[in-house]
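This report describes the fold and packing of a single protein chain.

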Amino acid sequence: MAGNVKAKVETAKKAPYTVAGTTLEEIWADVEKKGPKVKGELRAGSTSTPAVLPNTYKFEEEQDTKKPPKKGEAWIVRAVGGEITISPTIKYPKLASDKDLSDEDKKAWETYISALLAHEDEHVKAAQKGGDALADKVMEVEGRGEGEDKKKALKAAYDDYKKNFKSAITASTVDDAMQEAHDKLDSGGHGPTLKFTKTK
């Protein structure tokens, strides 16, 4: 094969949301009010990884000699070059101030945030796997056309490719490929837990 459709994950953008409280319990209550929802469930942190398909691809053109038509020629086209762009954004809680926290709570919060961001970084890495899987799906699509000569056969092949691509690579296909990678990562847990004493 002359090349590959590839996926590139850009540097993740950080999107903190502000939380406040004088204790870890109060801070967590604020997280529960403001935290992002992932599949309908509250999460302290989340990583969105929208994928954008390229506007153009590099194509490989191959004459179909296995199933030649009775008249004219048959050609097959498939994408062998192009870059899928993934732009991650990490949402996470950031304290407005820690001046009212005890030294022990400050340390606990810092440890928690460090572990949370490390988990979200794993989602950024998972996005690469999702992008690679999506690229493989794109390269599986092909178009075949027949015509009295190569030019007409290729035109028919590209028309067939467009139809097949539209059917195989939908918005749902893109989202599912990315979500599958994230679900696989989260099958082992949704990241760290902030431990604190509940009084309410």
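In this predicted model, Lys 39 lies in the loop between strand E3 (37-38) and E4. Its phi is near 55°, a positive value in a residue other than glycine. Most residues other than glycine have a negative phi. Is Lys 39 buried or exposed? Lys 39 counts as exposed because its relative accessibility is 62%, and the cut-off for that class is over 50%.

Ser 114, by contrast, has its place in helix H2. With a relative accessibility of 47%, Ser 114 counts as partly exposed. The C-alpha atoms of Ser 114 and Thr 65 are separated by 58 Å, although the two residues are 49 residues apart along the chain.

**Overall architecture**

The chain holds four helices and ten strands, and from the N terminus its elements follow the order β-β-α-β-β-β-β-β-β-β-α-β-α-α. The radius of gyration of the chain is 24 Å, whereas a compact globule of 200 residues would have one near 16 Å. Taken along the principal axes, the C-alpha atoms fill a box of roughly 85 × 25 × 25 Å. Of the 200 residues, 39% are buried. Among contacts between residues at least 6 apart in sequence, 76% join residues at least 24 apart.

An open sheet of three strands has the order E2-E9-E5, with mixed pairing. Its edge strands are E2 (13-19) and E5 (46-48), each of which pairs on one side only. From one strand to the next, the twist averages 30°. E2 and strand E9 (residues 89-95) are paired in the parallel sense over seven bridges, and Pro 16 stands opposite Tyr 92 in E9. Helix H2 (residues 103-140) packs on the sheet and touches E2, E5 and E9. The direction of H2 makes about 175° with that of E9.

**Helix H1 and its partners**

Helix H1 (residues 24-34) has as its buried residues Leu 24, Glu 25, Ile 27, Trp 28, Asp 30 and Val 31. These buried residues pack against E2, strand E4 (41-42), E9 and H2. Where H1 and H2 pack, Leu 24, Ile 27 and Trp 28 in H1 meet Asp 105, Ala 108, Trp 109 and Tyr 112 in H2. By class, this contact has six nonpolar, no polar and one charged residues. The angles given for H2 are set out below.

| Elements | Values |
|---|---|
| H2 and E9 | about 175° between directions |
| H1 and H2 | packing angle about 35°, axes 11 Å apart |

In soluble globular proteins, nonpolar side chains tend to be buried together. The largest nonpolar core here has 43 residues, and those with the most contacts inside it are Val 5, Ile 84, Ile 86, Trp 109, Tyr 112 and Val 138. At least two residues of this core are supplied by each of strand E1 (5-9), E2, H1, strand E8 (73-86), E9, H2, helix H3 (150-168) and helix H4 (171-186). Which element gives the largest share of this core? That element is H2, with eleven residues. Leaving aside neighbours within four places in sequence, Val 138 is in contact with Val 5, Tyr 57, Ala 79, Tyr 161, Phe 165 and Ile 169.

Terms used. Residues numbered from 1 in each chain as written. Predicted model: local features only at pLDDT ≥ 70, side-chain atom pairs only at ≥ 80, totals over all residues. Heavy atoms only, no water. Pairing = 2+ DSSP bridges. Axes fitted to C-alpha atoms, helices over the stretch in contact; angles between N-to-C directions. Contact = heavy atoms within 4.5 Å. Buried < 20%, exposed > 50% of the residue type's maximum accessible area, 1.4 Å probe, protein only. Nonpolar A, V, L, I, M, F, W, Y, C, P; charged D, E, K, R; others polar. Core = buried A, V, L, I, M, F, W, Y, C linked by side-chain atoms within 4.5 Å. Rg over C-alpha atoms; globule rule 2.2 N^0.38 Å.
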